[in-house]
Amino acid sequence: MMGTVVQRNLEWMTPNLVLAAAPFLMAVYLFAWRRPRTMAWWAGVVVFVAFLPNAPYVVSDLIHLSGQLRRSTTDLQASALLLEYGLLIGAGLALYGGCLFLLRRRLELEGRGQWRWPAEFALHVLSSIGIFLGRAMRLNSWDIVLSPGSVLRYVGVPRATTIVIIVFTFCVLVAATLAMRVPLAIHDQRRSGR
């Protein structure tokens with residue numbers, strides 16, 4: 001029974017991981033090398049921002065875990081589920097952190113280091129809203145282009161519960177990216193101390 005649950009999870013986790021990797025690949029293309037700021041580059045940045053919430057979105061997939069854990073019949077099955085979800089969430093957050101790292105580094109290299117925190121703050125806010133729209137409203141990144149009316153339908157005065165969910169998601173994203181920075185800061189400190 002558990003083998004089928006793990007297999008069924010892989011059927012939806014795999015496409016979610018591919019979507020989580022898409023903004024990272026875009027960030028590599030856009031920010032890893034110095035590129036001229038053409039209209040095509042700016043269009044790429046807009047697409048990157050639209051797809052960025054897909055990376056941390058996998059954290060919201062935890063809603064499936066509790067039911068699956070209740071149905072597991074052995075500790076081994078529960079451990080397999082925890083490992084599977086842990087890998088999914090770890091990969092999504094690492095891809096999100098990688099996107100932000102590439103953007104921060106590009107801004108620093110171009111002498112625009114003062115924009116690192118405002119840019120990251122804005123991306124956390126937009127990603128939190130995107131995650132909410134994806135999980136609660138079942139919208140996708142491509143709906144911005146293919147069905148903008150369905151996206152605009154949710155623009156307006158949000159409910160209090162919506163704000164709480166978005167703020168909570170924002171706090172999770174900030175905490176996760178700050179936690180990922182600790183090893184990078186230690187690494188940078190060791191390199192500069194040589």
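Me: How many salt bridges does a search of the whole structure find?
Reply: Keep in mind that this is a predicted model. Among the salt bridges are the pair of R37 with E110 and the pair of D61 with R135. A search of the whole structure puts the total at six.

Me: Which residue forms a salt bridge with R37?
Reply: Start from R37, which sits in the loop between α1 and α2. The partner lies in the loop between α5 and α6, so the pair ties together parts that are 73 residues apart in sequence. The closest N and O atoms are 2.4 Å apart, and the partner is E110.

Me: Is E110 buried or exposed?
Reply: R37, at 32% relative accessibility, counts as partly exposed. For E110 the value is 15%, and the cut-off for buried is under 20%. That makes E110 buried.

Me: How many residues apart are D61 and R135?
Reply: These two form a salt bridge, with the closest N and O atoms 2.4 Å apart. D61 lies in the loop between α3 and α4, while R135 is in helix α6. The pair links distant parts of the chain, and the separation is 74 residues.

Me: What is the relative accessible area of D61?
Reply: D61 forms its salt bridge with R135. The residue counts as buried, which calls for a value under 20%. For D61 the relative accessible area is 2%.

Me: Over which ring does the charged end of R37 sit?
Reply: Besides its salt bridge with E110, R37 has a ring below its charged end, with the ring centre 4.1 Å away. That ring belongs to W41.

Me: Which residues form one aromatic cluster?
Reply: W41, the residue under the charged end of R37, is one of the members.

Me: How far from the centre of the ring of Y29 is the charged end of R35?
Reply: R35 has its charged end over a ring, and that ring is the one of Y29. The distance to the ring centre is 3.9 Å.

Me: What kind of aromatic pair do W12 and Y85 form?
Reply: The structure holds five aromatic pairs. In this one, the centres are 6.2 Å apart and the angle between the planes is 55 degrees. Planes under 30 degrees apart would be stacked and over 60 edge-to-face, so the pair comes out as tilted.

Me: Why does the pair of W12 and Y85 tie together parts that are 73 residues apart in sequence?
Reply: W12, at 23% relative accessibility, counts as partly exposed, whereas Y85 is buried at 1%. The reason lies in their places: W12 is in helix α1 and Y85 is in helix α5.

Me: What kind of pair do the rings of F121 and F170 make?
Reply: F121 belongs to helix α6 and F170 to helix α9, 49 residues apart. F170 is buried, with a relative accessible area of 19%. The ring centres are 5.3 Å apart and the planes stand at 75 degrees, so the pair is edge-to-face.

Me: How far does α5 reach from its first C-alpha to its last?
Reply: This helix has 35 residues, and at 1.5 Å a residue the expected span is 51 Å. G111, with a positive phi near 75 degrees, follows α5.

Me: Which residues make the nonpolar surface patch of about 440 Å²?
Reply: One of them, I144, is found in helix α7. I144 is partly exposed, with a relative accessible area of 45%. The patch is made by W142, I144, V145 and L146.

Me: How many helices are there in the chain?
Reply: Of the 194 residues in the chain, 39% are buried. The C-alpha trace spans about 55 × 55 × 30 Å along its principal axes. There are zero strands, and the number of helices is nine.

Definitions and conventions: Residues are numbered from 1 along each chain as its sequence is written. This is a predicted model: local features need pLDDT of at least 70, side-chain atom pairs count only at pLDDT 80 or more; totals for chains, interfaces and linings use all residues. Side-chain values use heavy atoms; hydrogens and water are left out. Rings of Phe, Tyr and Trp (its six-membered ring) pair if their centres lie within 6.5 Å; planes under 30 degrees apart count as stacked, over 60 as edge-to-face and the rest as tilted. Helices (H or I, at least four residues) and strands (E, at least two) are DSSP runs, numbered from the N terminus. Buried means under 20% relative accessible area, exposed over 50%, partly exposed in between (1.4 Å probe, protein chains only). A charge sits over a ring if NZ of Lys or CZ of Arg is within 6 Å of the ring centre and within 35 degrees of the ring normal. Patches are made of residues with over 30% relative accessible area and no salt bridge: like charges are joined within 9 Å, nonpolar side chains (Val, Leu, Ile, Met, Phe, Trp, Tyr) within 5 Å. Accessible areas come from the Shrake-Rupley method with a 1.4 Å probe; for residues, only the protein chains shown count as cover. A salt bridge is a side-chain nitrogen of Lys or Arg within 4 Å of a carboxyl oxygen of Asp or Glu. The expected span of a helix is 1.5 Å times one less than its number of residues.
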